[in-house]
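Me: I've got a model open and want to talk through a few local details. Can you take my questions one at a time?

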Amino acid sequence: MNTQTAIRKGRKFDQVLEGARKVFMADGFEGASVDDIARAAGVSKATLYSYFPDKRLLFMEVATTECCRQSDQAPQNIDMTGPPRSVLDQIGRTFLRFISSKFGLQIFRLCVAEGDRFPDLAQAFFESGPMMMQRKMSDYFRQAIDRGELQIEDLELAASQFAELCKADLWTQLVFGVTQELSEDDIDRVIEGAVDTFLARYGT
C-alpha cells in the first residue's frame, strides 16, 4: 500500500486536512471518528473518503504535515547564531515537548503498530520527523563549527545523540504509560542535562 497512490488531492484537500488536524490534536487517533473529522472539515464523509480511503492515511498525512510545520517553525523562533548552550536548550525543549505531546505519542504508537503492515507510514513519519530534525541540527552544527563554538566530525551521529539525550527516561515512561505528563521541572532537568552532556563532548 503506497500513501502517494492511495491519497487523492482535490479542491477541498486542505480543508479536510485542517479539520482532521483539529480533531486528531484534541482526541488522538483512536478517539477521532470519521464523522467528527468530516464535521470539523465541513465536508461530507463521501468527500473525505474520496481523498483518504483509510483513517490511518489521513492521520499520517496530518502527522507528517505537523512534523514539517514544527521543524520549519523551530529555527524561526530560535536565534541560530546564538551560543550553543542557548540554541541547544531551545531546540531540545521544542523537540521534547512535541514528542511527549499526546499527538506526538499517537504518531509514534501508530507507526510502531502499523509498521509491519504499512512500512511506508513509518517511513513517511521518519523522513518528516527524526530525519528532518537531524538535517536541521546538522546545518546548525556546521555554522557553530565555522564559528569555533563546536568541534564535531560526524554531524549526523551528533544530531542523533542529542535527540536521544533529550528523551532520557521521560519519553520512555510516557510511551509505556508509567507517567501521563511531564512537568516543567522534568523538562528542565532532562534538557539541562542533555545540553551539559553534549557540550562536554563536543564543546570547544
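Me: How do helix α8 and helix α9 sit relative to each other, roughly parallel or roughly antiparallel?
Reply: Keep in mind that this is a predicted model. The axes of α8 (residues 119–128) and α9 (residues 130–146) come within 3 Å and cross at roughly 20°. Angles under 35 degrees count as roughly parallel, so α8 and α9 are roughly parallel.

Me: Which residues of α9 make the contact with α8?
Reply: On the α8 side you have Phe-125, Phe-126, Glu-127 and Ser-128. The residues of this contact split into five nonpolar, one polar and two charged. From α9, the partners are Pro-130, Met-131, Met-132 and Arg-135.

Me: What length does α9 reach from its first C-alpha to its last?
Reply: α9 has 17 residues, and at 1.5 Å a residue 24 Å is expected. The span in the model is close to that, at 24 Å.

Me: Is Leu-165 buried or partly exposed?
Reply: Leu-165 is in helix α10. Leaving aside neighbours within four places in sequence, Leu-165 is in contact with Val-190, Ala-194, Thr-197 and Phe-198. Buried would need under 20% relative accessible area. Leu-165 has 29%, so the call is partly exposed.

Me: What is phi of Ala-168 near?
Reply: Ala-168 lies in the loop between α10 (155–167) and α11 (170–175). At 40% relative accessibility, Ala-168 counts as partly exposed. The phi value is positive, in a residue other than glycine, and is near 45°.

Me: And which residue with positive phi follows α9?
Reply: Here phi is near 80°. The residue following α9 is Gly-148.

Definitions and conventions. Residues numbered from 1 in each chain as written. Predicted model: local features only at pLDDT ≥ 70, side-chain atom pairs only at ≥ 80, totals over all residues. Heavy atoms only, no water. Helix = DSSP H or I, 4+ residues; strand = E, 2+ residues; numbered from the N terminus. Buried < 20%, exposed > 50% of the residue type's maximum accessible area, 1.4 Å probe, protein only. Axes fitted to C-alpha atoms, helices over the stretch in contact; angles between N-to-C directions. Parallel < 35°, antiparallel > 145°, perpendicular 65-115°, else oblique. Contact = heavy atoms within 4.5 Å. Nonpolar A, V, L, I, M, F, W, Y, C, P; charged D, E, K, R; others polar. Expected span 1.5 Å × (residues − 1).
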